[in-house]
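Subject: Handing over a structure

Hi there,

I am passing a structure on to you, together with some notes on what turned up in it. Please have it open while you read.

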Amino acid sequence: MPGILPINDLPRLVSTAFSRALGQKELTFYSTEVAVLTLGGVPFQLRFAPGLSRKPEPGAATTAPQPTQPEPDSHQVLKANEEETKLPSRLEARKARMLANDVFKNPPVALRITDLGPSHYLVLNKFAIAAEHFILATNEFKDQDDLLERDDFAAIRACIDAYDKPEGGEGLFTFFNSGEFSGASQAHRHVQMIPISRMKDGLEPDSPWSVVADKLTVKDTDLGGIVAKLPFTVIARNISGMDANALHSLYLEMYQEGCIAEALNARHPKHDSEHHSDGTPRISYNLAMTKDTMVLLPRLSDKIHLQDDEGKPLDIKLSVNGTILAGTVLVKEEHDYKTVQTLPGALKRGLQQIGVATHLYPGPLSL
């Protein structure tokens with residue numbers, strides 16, 4: 001059976017399809033305002049999309065973030081075990097909600113871009129915040145929460161390589177949301193893709209923002225440490241020149257390290273030492289890939305609740321998905337947009353809630 005087909009002129013195909021679908025009103029493109037905030041020395045985009053407050057969020061997890069707990073006593077362990085027995089029913093309900101609205105089963109012809117062979121196809125994001133945002137999806141249903149396979153990485157690499165040309169601008173940022181706390185809202189396996197040049201729309205020409213993921217394997221020539229320091233633990237590796245087999249093997253290694261990082265924080269026995277042979281996951285996570293970098297972010301919550309410097313709630317709740325690994329945070333309300341610009345420290349503290357805080361996991365995370 002043939003594998004992933006070569007992609008010729010993908011940037012033009014995507015741009016043409018986006019313009020056509022927008023003109024035919026087959027997709028919604030949300031206008032945004034943008035500000036750049038520096039969090040711990042790293043520039044982040046804060047994007048305000050007022051129209052998103054009216055967009056439904058099918059299948060999104062609603063669990064509030066859980067604070068890091070000290071060593072549990074026997075009563076806490078018993079309670080955790082009781083909660084674990086409730087987990088399957090909650091996850092099954094979430095999956096049922098998403099399966100009832102499988103947007104990748106038969107997408108509108110106007111949104112479809114091209115096939116990549118028998119296993120995958122490309123389709124425009126029907127609700128776009130960044131222009132030319134498109135999606136790699138499997139032709140047959142595969143579970144978003146299962147581990148990615150070699151063919152998935154072959155398709156991702158083919159798309160990234162297709163943008164590694166002059167007509168591809170500054171390249172392609174790709175991300176995968178998997179698990180209850182990742183920000184995933186569809187059960188059908190898909191990887192989201194945004195041209196980096198379109199992620200810069202609205203920024204000043206001299207803006208300091210660039211894709212955060214690519215900074216996570218860059219070492220300071222003087223101090224020797226990684227240049228970018230984030231408020232949450234990530235596992236990052238340089239993937240320059242790797243083929244699909246190498247990418248898949250590396251992904252499994254990084255996933256395992258993510259499980260270990262979360263296990264040390266959560267102190268929960270469900271995180272054993274080996275990944276499940278049937279592909280079922282043990283953690284929620286975001287995965288990002290660019291031409292040169294792969295990053296995995298273990299997730300403990302899909303939402304953050306912001307507080308001021310004194311710990312008082314700001315009544316701001318934000319959802320976070322894999323675009324956080326590009327250095328982008330999205331808000332839907334003008335009040336939130338203005339408040340976060342005034343109190344960027346609140347956002348930095350809030351982002352510690354989405355995963356394992358960096359001070360809690362001492363392992364080597366970037367190579």
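Below is a short tour, from the whole chain down to single residues.

Please keep in mind that this is a predicted model, where local features need pLDDT of at least 70, side-chain atom pairs count only at pLDDT 80 or more, and totals for chains, interfaces and linings use all residues. Residues are numbered from 1 along each chain as its sequence is written, and side-chain values use heavy atoms, with hydrogens and water left out.

First, the overall picture. The chain has 7 helices and 15 strands; these are DSSP runs numbered from the N terminus, with at least four residues of H or I for a helix and at least two of E for a strand. Of its 367 residues, 50% count as buried (buried means under 20% relative accessible area, exposed over 50%, and partly exposed in between, with a 1.4 Å probe and protein chains only). Among contacts between residues at least 6 apart in sequence, 71% join residues at least 24 apart; a contact means heavy atoms within 4.5 Å.

Next, the sheet. Eight strands form an open sheet in the order S4-S5-S7-S9-S8-S11-S12-S10, with antiparallel pairing (two strands pair if DSSP finds at least two bridges between them). Strands S4 (112-115) and S10 (235-238) stand at the edges with a single partner strand each, so one side of each has no neighbour in the sheet. On average, neighbouring strands of this sheet are turned by 20° against each other, direction ignored. Within the sheet, S7 and S9 (residues 190-195) are joined over 4 bridges in the antiparallel sense, and Phe-134 has Met-193 in S9 as its bridge partner. Helix H1 (residues 10-23) lies across S4, S5 and S7, and runs at about 45° to S5 (axes are lines fitted to C-alpha atoms, for helices over the stretch in contact, and angles run from 0 to 180 degrees between N-to-C directions).

Gln-144 deserves a look of its own. This residue is found in the loop between strand S7 (134-138) and helix H3 (150-162), and is buried, with a relative accessible area of 1%. Its side chain reaches the backbone nitrogen of His-190 at 2.7 Å. Leaving aside residues up to four places away in sequence, Gln-144 touches several others, including Phe-176, Ala-184, His-188 and His-190.

Now to another part of the chain. Strands S13 (residues 303-307) and S14 (residues 313-319) pair in the antiparallel sense over 4 bridges, with Gln-307 opposite Pro-313 in S14. The two strands form a hairpin with 5 residues between them, and Gly-311 in the turn has a positive phi of about 85°. In helix H7 (residues 344-351), Ala-346, Leu-347, Gly-350 and Leu-351 are buried. Seen down the axis of H7, its buried residues fall within an arc of 130°, so they line one face of the helix (the arc is that of the directions from the helix axis to the C-beta atoms). Their cover includes S2, S13, S14, S15 and H6.

Finally, two backbone details. Most residues other than glycine have a negative phi. Asp-9, although not a glycine, has a positive phi of about 60°; Asp-9 sits in the segment before H1 and is partly exposed, at 30% relative accessible area. Glu-132 is not a glycine either, and has a positive phi of about 65°. Glu-132 lies in the loop between S6 and S7 and counts as buried at 11% relative accessibility.

Enjoy exploring!

Best wishes

How values were computed
A polar contact is a pair of N or O atoms within 3.5 Å; within protein, one must be able to donate a hydrogen and the other to accept it, and residues adjacent in sequence count only if both atoms are side-chain atoms.
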